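I opened the model today to look up one group of rings and what surrounds it. My entries follow.

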Amino acid sequence: MAQSQNTSLIFNVCKNMLKRKNPDQAMENAKSGGLEKTLGVWDLIILGVGAIIGSGIFAIVGTAAAGENGAGPALIVSMVVAAIACIFSALCYTEFATMIPVAGGAYMYTFATLGEFMAWLIGWILMLEYAIGFIAVACAWTNHFMQLLKGFSNVLPAWIVNPPVWLVNDYRSAVKIDPNCVFPHIFNLPISINLPAIFMIILTTAILVKGSKDSAKMAGIMVAVKLGVIALFVIAGSFFVRPENWSPFAPNGFEGIFMGAFIIFFAYIGFDALATTAEECKNPQKDLPIGIIGSLAITTVVYVLVALVLTGMHPTSGVIIPEGLLKAPMAYCMSMTGQSWANFASFFISLGSLAGLTSVLLVLHMASTRVLYAMARDNFLPRIFLKLHKKFNTPHILTIAVGLLGILGTLFLDLDVAASLCNLGTFTSFIIVCVAILILRKIDPDRERPFKVPFCPWFPLLGIICCGGLMIFSMVIAKGDDAILSTELFIVWVIIGALIYSAYGYRKNRKAEIEQNIKE
């Protein structure tokens, strides 16, 4: 008898964990108490380009080309490989976003296909992708800000241009830069505060509390500035390209190319964030496909042009790599040309880098809050997070909470670890979305699909193979403390997520179901 009861209990638990959310119900819930519809097609393209062109092209590109196991000039190939891996996933995101236009992105798509437990886990991983990516961009913002200040070394006081490393870095980065640094202590704990990053997080929090439309306007200004600066670098830098710098083309062979593709994949994160804004789109069925695919196409062309010029201006293989090339590559390469006007160009590039990174901060911060908002609506998080601002109609409590999480993260995570963690989360969510498309085509073939992934099931399968291959490859050949740490942290993050679901999310959902049955 007891064995029968245990079997029945296990069966019910598994059944609840696999319980799917009806897409029609999700859309009905969004209509009854959703976010304000303010975004048009140009807003989406601006937000997409604003999110994608940022820390990847302004900071991570240096590490992908010239870091340990870097691709060298073959970074161009790495970018194409990363873009191809993105294209298949982007098509799957587009089908879902037009079919189920509600907040949550991959989290909601997983809930509609793979059930409650996997939905929570993907939501938890999306928090890693967007929130940790948000921290990585904030750290990159500090690097470029300090590069900009160095241009004023003859004007500004030395303590501003060269502040103590513990004021502009997390603890791990500060120790790497200056092993002999004297840190202030509180209760015998060393203190290292990334002040510029914290300031920017506070600023983006304030902007997003005011509303997504204002965020899109600001992102539009930032996009215009950074595209202008990138054009300046490509045009001016092309005069200093030396073809001999492109040899050897792939110093680390295929290993370097694929590792470069994994690292530079961070530069493409952003188009998926548009799916999380579906509930705020005026015409999601028409505008989202243009926004997602259009922003990905524009940025791929821009990236290849920058990679060609960057690797042609400075050798990226078989040499001692300067720190400036890894932290602020475009500004550094321009400053090393030796031309009298190069410092002015380097200044504008640094300024454009800051504008680009600011727009990325805005979009990743917004995406984080929209995923959490959808999870709170499904009883995975406390209901207080659903509270909207009386004046601005934005999830202000969630926005502030993500901002505080970002500030806390800047104290412990450096750019390289945060970027790798973000990549692992992104690959996982992309794979799940591709799988979810295949499942929904089987279990709900008659549902209206304003946009359909072509050549299904081959394109979703290729998305799974490309993303899964890069993810596994990076874990297998991971070298160095940062790479190993990011892999370990990702595994720990997933385990913690599963434990939180068991202790809180599962029980909260069962309680909500009982309350709903009583009402009915």
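**Entry 1: the cluster.** I looked up the aromatic cluster first. Tyr107, Phe111, Phe117, Trp120, Trp124, Phe380, Trp493, Tyr501 and Tyr506 form one cluster. Rings of Phe, Tyr and Trp (its six-membered ring) pair if their centres lie within 6.5 Å; planes under 30 degrees apart count as stacked, over 60 as edge-to-face and the rest as tilted.

**Entry 2: ground rules.** I note that this is a predicted model, where local features need pLDDT of at least 70, side-chain atom pairs count only at pLDDT 80 or more, and totals for chains, interfaces and linings use all residues. Residues are numbered from 1 along each chain as its sequence is written, and side-chain values use heavy atoms, with hydrogens and water left out.

**Entry 3: aromatic pairs.** I found 16 aromatic pairs in the structure. Phenylalanine 111 and phenylalanine 380 make a tilted one, with 6.0 Å centre to centre and 40° between the planes. Phenylalanine 111 is in helix H6 (residues 106-111) and phenylalanine 380 is in the loop between helix H17 (342-377) and helix H18 (396-410), so the pair ties together parts 269 residues apart in sequence. Helices here are DSSP runs (H or I, at least four residues), numbered from the N terminus. Phenylalanine 111 and phenylalanine 380 are both buried. Buried means under 20% relative accessible area, with a 1.4 Å probe and protein chains only.

Next I checked tryptophan 120 and tryptophan 124. Their ring centres are 5.7 Å apart and their planes are at 25°, so this pair is stacked. They are 4 residues apart in helix H7, so about one helical turn separates them. An α-helix has 3.6 residues a turn, so residues three or four places apart point the same way.

**Entry 4: a charge over a ring.** I saw the charged end of lysine 21 over the ring of phenylalanine 111, 5.9 Å from its centre. The test is NZ of Lys or CZ of Arg within 6 Å of the ring centre and within 35 degrees of the ring normal.

**Entry 5: tryptophan 120.** Is tryptophan 120 buried or exposed? Its relative accessibility is 1%, so tryptophan 120 counts as buried. Leaving aside neighbours within four places in sequence, its contacts (heavy atoms within 4.5 Å) include Tyr107, Phe380 and Tyr501. Glycine 505 is 385 residues away from tryptophan 120 in sequence, but 8.0 Å away in space, C-alpha to C-alpha.

**Entry 6: helix H7.** Of the 35 residues of H7, 30 are buried, so H7 is largely enclosed by the rest of the structure.

Technical notes. Buried < 20%, exposed > 50% of the residue type's maximum accessible area, 1.4 Å probe, protein only. Helix = DSSP H or I, 4+ residues; strand = E, 2+ residues; numbered from the N terminus.
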